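Take a walk through this structure with a few simple rules in hand. Each stop pairs a feature with the numbers behind it.

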Amino acid sequence: DEEEGRMMALDIDPNDEDLHIHVPREERVYLDPKQQPEGLVIIKVLGHLKEFIQFSQMTFMAVQAMTKITATVSQFVSTAEKHFARFPVNRKGGSMNASSVIEQVMMDHGFVETALRALHRHSKHQSICQGILGLMKHLVKDDSHHCMQTRAQYELMNPPERPFTLLSCLERLSLEAQRDNLLSCLQVLVLLAQKDQDMPKPKDVMPLRIPPTRLNEAGKILVFVLGRHWRDEAIAVLLIELLCIFCIKLDFCRVLFDNNVSDEIRKFVLVIAEGKMEEHWMDEMKKRTGMKLMGPSGRGLRKLKEMNDARERVQMNVSQRQKDCWHLLWTLFRASAFHISSGHEAHERYQSDAALSLVQAVGEMKRNPRGSQWSLAAEFVKELLLFDIDSHGELFVAEDGLKLILAELPLGEVSAVL
């Protein structure tokens, strides 16, 4: 047996691809664009994913393998960086960004395109979506232990069909009740939108470069998801942030107006004004995490602190979101009006929708005791009347707006009403 094993070892080709999988050459460790590491396991895994993407089980196993590989390498690099931070030495042969080899190989072999195809095809398979979105977050997050973030962000934003694929997945993930995957998909989209917002581009280019022919569909998806998930704090916060970014562009803002997003925003603001949003978000969080108070003990005190921290976070998010929502209502109102520069006529619902927002704003100013939205509503009314007092001045007077203004003189919010 020993002799047979020795003879078989002599027959092994030193260039055999399987040998390189287990014993990679040293030079493959360094991040060098000229190198082509053909024998890495992750290349074979990604190749299987491309070839058998129509089969959910093969796709799941390939995604699971890539997740394990990237997580293991990232953990190794993180540990090594901490070690060298404590015990600095002169290292030759490059930086400690060894994990970037894995991410570069993934990008070079078309991971982004393949991942989006798998996400679109297997959106009902929760584990596949979880793995793919986890890998996407790993590639695009700035705090990941690699240097492929910019490239991954660019490839996910171009061509325009790619961000639209992520948007279309929001609706399917919502309908499938995949809350965690929906949240991950939103996190990727918001990060891409923030990065895209910082990039210089022509004024007529859409945020995330959504295809012009799919704008209406994208608007419907965002409004639909907001209507279903406004009780979920994490999802609602990201959706409002995404809407604020999209509404920067006039064309997409009008698309959102066409799909009645202002109705959803007014409902959202009203729930906050009535003091119900904080309880909705807290109840949802407790239900999802099982958080509850315990008896007087060390563990009970920790739970109490966690509960207080969670409530403070919810209160802060509620405060910020109501500001964003009133700003969104003003942006939507202005976008629906007549624009000489762009040639857009006033929307057919311009008067009626603005009237609903104006009545709600005046109602907030009448609320007794005065709520946290008084100043936001007053600012909205001011901007609306300065923009088009001829269309909305009479309604403001009819809703006793002038009485509310005079009531602030001389000891109230004088600077605001003046």
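Helices here are DSSP runs of H or I with at least four residues, strands are runs of E with at least two, and both are numbered from the N terminus.

A word on the ground rules. This is a predicted model, in which local features need pLDDT of at least 70 and side-chain atom pairs count only at pLDDT 80 or more, while totals for chains, interfaces and linings use all residues. Residues are numbered from 1 along each chain as its sequence is written, and side-chain values use heavy atoms, with hydrogens and water left out.

Stay with helix α7 for a moment. Its buried residues include Ile128, Cys129, Gly131 and Ile132. Further along, Leu133, Leu135, Met136, His138, Leu139 and Val140 are also among them. Buried means under 20% relative accessible area, exposed means over 50%, and partly exposed lies in between (1.4 Å probe, protein chains only).

Next come the charged side chains. A salt bridge puts a side-chain nitrogen of Lys or Arg within 4 Å of a carboxyl oxygen of Asp or Glu. By this rule there are 20 salt bridges. One of them joins Asp263 to Arg266, with the closest N and O atoms 2.6 Å apart. Both residues sit in helix α14 (residues 261-273), 3 residues apart, so about one helical turn separates them. In an α-helix there are 3.6 residues a turn, so residues three or four places apart point the same way. Asp263 is partly exposed at 30% relative accessible area, whereas Arg266 is buried at 6%. This pair also belongs to a network of salt bridges that links Asp263, Arg266, Arg349 and Asp353.

Arg321 is buried, at 9% relative accessibility. Asp324 is buried too, at 15%.

Glu379 is partly exposed at 38%, and Lys382 is partly exposed at 35%.

Now look at the rings. Rings of Phe, Tyr and Trp (its six-membered ring) pair if their centres lie within 6.5 Å; planes under 30 degrees apart are stacked, over 60 edge-to-face, and the rest tilted. The count comes to 8 aromatic pairs. In one, the rings of Phe52 and Phe55 have centres 6.5 Å apart and planes at 45°, so the pair is tilted. Phe52 is partly exposed at 25%. Phe55 is partly exposed at 45%. Trp330 and Phe333 form a tilted pair as well, with 5.5 Å between centres and 35° between planes. They lie 3 residues apart in helix α16, about one helical turn. Trp330 is buried at 13%, and Phe333 is buried at 4%. Ring pairs extend this into a cluster of Trp330, Phe333, Tyr350 and Phe387.

How many disulfides does the structure hold? It holds 0 disulfides. A disulfide is a pair of cysteine sulfur atoms within 2.5 Å. Cys244 is partly exposed, at 22% relative accessible area. For Cys325, the closest cysteine sulfur is in Cys244, at 7.3 Å, which is also too far for a bond. Cys325 is buried, at 0%.
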